[in-house]
Amino acid sequence: MANHKSAIKRHTQSEKRRARNASIKSEIRTVVKKVREAVEGAKPADAKTLLQSAVTLLDRAVSKGTLHRNNAARKISRLTKAVVATGTK
């Protein structure tokens, strides 16, 4: 464990960030999974609404620094492509 006051503060901050990032990543995995299930289940209306929430969540993760912007863009692109293939834009 750190001994200096500044090092203790940095450790506390990094723990907070780690917990927040883990929560955000977990939420992203859940939403992406729901979109994929809706696409596979041939539910285009559900897939479209879930895609909108997934895009919002991914963009927010990028702004918080949890995900790299290219990583989020790739996920959004692949999900959008899958939803469009079901017949709904």
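Q: Which residues does Leu67 touch?
A: Leaving out residues up to four places away in sequence, Leu67 touches Ile28, Leu58, Ala61, Val62 and Ala72. Contact here means heavy atoms within 4.5 Å.

Q: What kind of model is this, and how are things counted?
A: The model is predicted: local features need pLDDT of at least 70, side-chain atom pairs count only at pLDDT 80 or more, and totals for chains, interfaces and linings use all residues. Residues are numbered from 1 along each chain as its sequence is written, and side-chain values use heavy atoms, with hydrogens and water left out.

Q: Back to the core. Which residues touch the most other members?
A: Ile28, Leu58, Leu67 and Leu79 do, in the largest nonpolar core, which has 17 residues. Elements giving two or more residues to this core are α1, α2 and α3. A nonpolar core is a set of buried Ala, Val, Leu, Ile, Met, Phe, Trp, Tyr and Cys residues joined through side-chain atoms within 4.5 Å. Buried means under 20% relative accessible area, exposed over 50%, partly exposed in between (1.4 Å probe, protein chains only).

Q: How are the helices assigned?
A: They are DSSP runs of H or I, at least four residues, while strands are runs of E, at least two; both are numbered from the N terminus.

Q: Take α2. Which of its residues are buried?
A: Ala47, Leu51, Ala54, Leu57, Leu58 and Ala61. Down the axis of α2 they fall within an arc of 140 degrees, so they line one face of the helix. The arc is that of the directions from the helix axis to the C-beta atoms.

Q: What do they pack against?
A: The buried residues of α2 pack against α1 (5–40) and α3 (69–85).

Q: And what is exposed on the other side of α2?
A: Ala45 and Ser63 are. Ser63 has 59% relative accessibility.

Q: What does the Ser63 side chain reach?
A: The backbone oxygen of Arg60, at 2.7 Å.

Q: What comes just after α2?
A: Gly65, with a positive phi of about 90 degrees.

Q: Now α3. How many residues, and what reach?
A: α3 has 17 residues and reaches 24 Å from its first C-alpha to its last, close to the 24 Å expected at 1.5 Å a residue. The expected span is 1.5 Å times one less than the number of residues.

Q: Which residues of α3 are buried?
A: Ala72, Ile76, Leu79 and Val83. They cover an arc of only 70 degrees around the axis, which puts them on the same side of α3. They pack against α1 and α2. On the other side of α3, Arg78, Lys81 and Ala85 are exposed.

Q: Switching topic. How many salt bridges does a search of the whole structure find?
A: One. A salt bridge is a side-chain nitrogen of Lys or Arg within 4 Å of a carboxyl oxygen of Asp or Glu.

Q: Which side chains meet in it?
A: Those of Arg18 and Glu15, at 3.2 Å, N to O. The two are three residues apart in helix α1, so about one helical turn separates them.

Q: Is Arg18 buried or exposed?
A: Exposed, with a relative accessible area of 55%. Glu15 is partly exposed, at 34% relative accessibility.

Definitions and conventions. A polar contact is a pair of N or O atoms within 3.5 Å; within protein, one must be able to donate a hydrogen and the other to accept it, and residues adjacent in sequence count only if both atoms are side-chain atoms.
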